[in-house]
Amino acid sequence: LHSGHYGNWAPNPAIELAQLLAAMKDREGKVLIPDFEKGMAPLSELERQALAKLPDLDSQLRQELWLGRSEHPEERLDQALLHPSLNVNGLASAGVGALARNVVPSRATASVDIRLVKGLDPTVMVDRVAAFVRAQGYHLVEGDQEPSAEVRTAHPRVAWIRRTGGYRAVRTPMDLPVAKRVIAAVESAHGSMLLVPSLGGSLPLFAFEDVLATPLIIVPIANHDDNQHTHDENLRIQNLWDGIETYAALMTM
């Protein structure tokens, strides 16, 4: 619709979606969806001790990444990663820049991911988001079929959610015998190490855990600024050399 003809009258989906997403988090990054963290598995005493020994690198990271602030200001990065996240991967509605037109968009779309922590069920987490959307006054449509004209005209606000899978998080306790052996093997190659209780990443470890019924430990060697999933993804040469020594120690432990 032409914005000169219908602006200030036809509801703008881009603004409505922005308002809906903004309602899900406060200005400090805390997720406001009810029960969003309910069911989280707590850290063990050993894991809490390891977390306390980690250095505070937040100021350095903010400087490197050109960030004037970080979310959850009361927590460091390694602490914030222990909470489930609600992340907007992308937004789309009509066009911007050279593609901009004087229109009221017909729709607005967002891609949202939820980073889980141990103890949370992916289906339940999306259910909580869906319940929140309904509580904001939206008639919610789910599935592959987009809302029909009849549905759109029957309700003042309509949202469409398409679920695209997901799986639970896995965190192997640091006090297991195999975890202690892995730590000892890595330290045999590099000396005393800092221990991080948990790491974020999209790996279907749960499938191996279910089938093999055995704990899993991943050993990544990527640098923190490797530009994952975007242009110029990289691995520092020193990380490669350190990784060779690390894997050799693990294979001979």
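## Exercises on salt bridges, helices and a surface patch

Asp127, Arg134, Glu142 and Arg163 are joined in a network of salt bridges (a side-chain nitrogen of Lys or Arg within 4 Å of a carboxyl oxygen of Asp or Glu). The model is predicted, so local features need pLDDT of at least 70 and side-chain atom pairs count only at pLDDT 80 or more, while totals for chains, interfaces and linings use all residues. Residues are numbered from 1 along each chain as its sequence is written, and side-chain values use heavy atoms, with hydrogens and water left out.

**Exercise 1.** Find which parts of the chain the salt bridge between arginine 163 and aspartate 127 ties together.

*Solution.*
- Start with the contact: the two side chains meet at 2.7 Å, N to O.
- Next, place the residues. Arginine 163 lies in the loop between strand E4 (158-161) and H8, and aspartate 127 in helix H6 (residues 122-135), so the pair ties together parts 36 residues apart in sequence. Helices (H or I, at least four residues) and strands (E, at least two) are DSSP runs, numbered from the N terminus.
- Finally, check the surface. Arginine 163 is partly exposed at 36% relative accessibility, and aspartate 127 is partly exposed with a relative accessible area of 36%. Buried means under 20% relative accessible area, exposed over 50%, and partly exposed in between (1.4 Å probe, protein chains only).

**Exercise 2.** Work out where glutamate 142 sits when it pairs with arginine 163.

*Solution.*
- The side chains of glutamate 142 and arginine 163 meet in a salt bridge of 2.7 Å, N to O.
- Glutamate 142 belongs to strand E3 (residues 139-142) and arginine 163 to the loop between E4 and H8, 21 residues apart.
- Glutamate 142 is partly exposed, with a relative accessible area of 34%.

**Exercise 3.** How are H8 and H10 oriented to each other?

*Solution.*
- Two packed helices are described by the angle between their axes and the distance between the axes.
- Here, the axes of H8 (residues 177-190) and H10 come within 8 Å and cross at roughly 130 degrees. Axes are lines fitted to C-alpha atoms, for helices over the stretch in contact, and angles run from 0 to 180 degrees between N-to-C directions.
- H8 and H10 are therefore oblique to each other (under 35 degrees is roughly parallel, over 145 roughly antiparallel, 65 to 115 roughly perpendicular and the rest oblique).

**Exercise 4.** Decide whether isoleucine 237 is buried or exposed.

*Solution.*
- Locate the residue: isoleucine 237 is found in helix H10 (residues 237-251).
- Read its accessibility: with a relative accessible area of 52%, isoleucine 237 is exposed.
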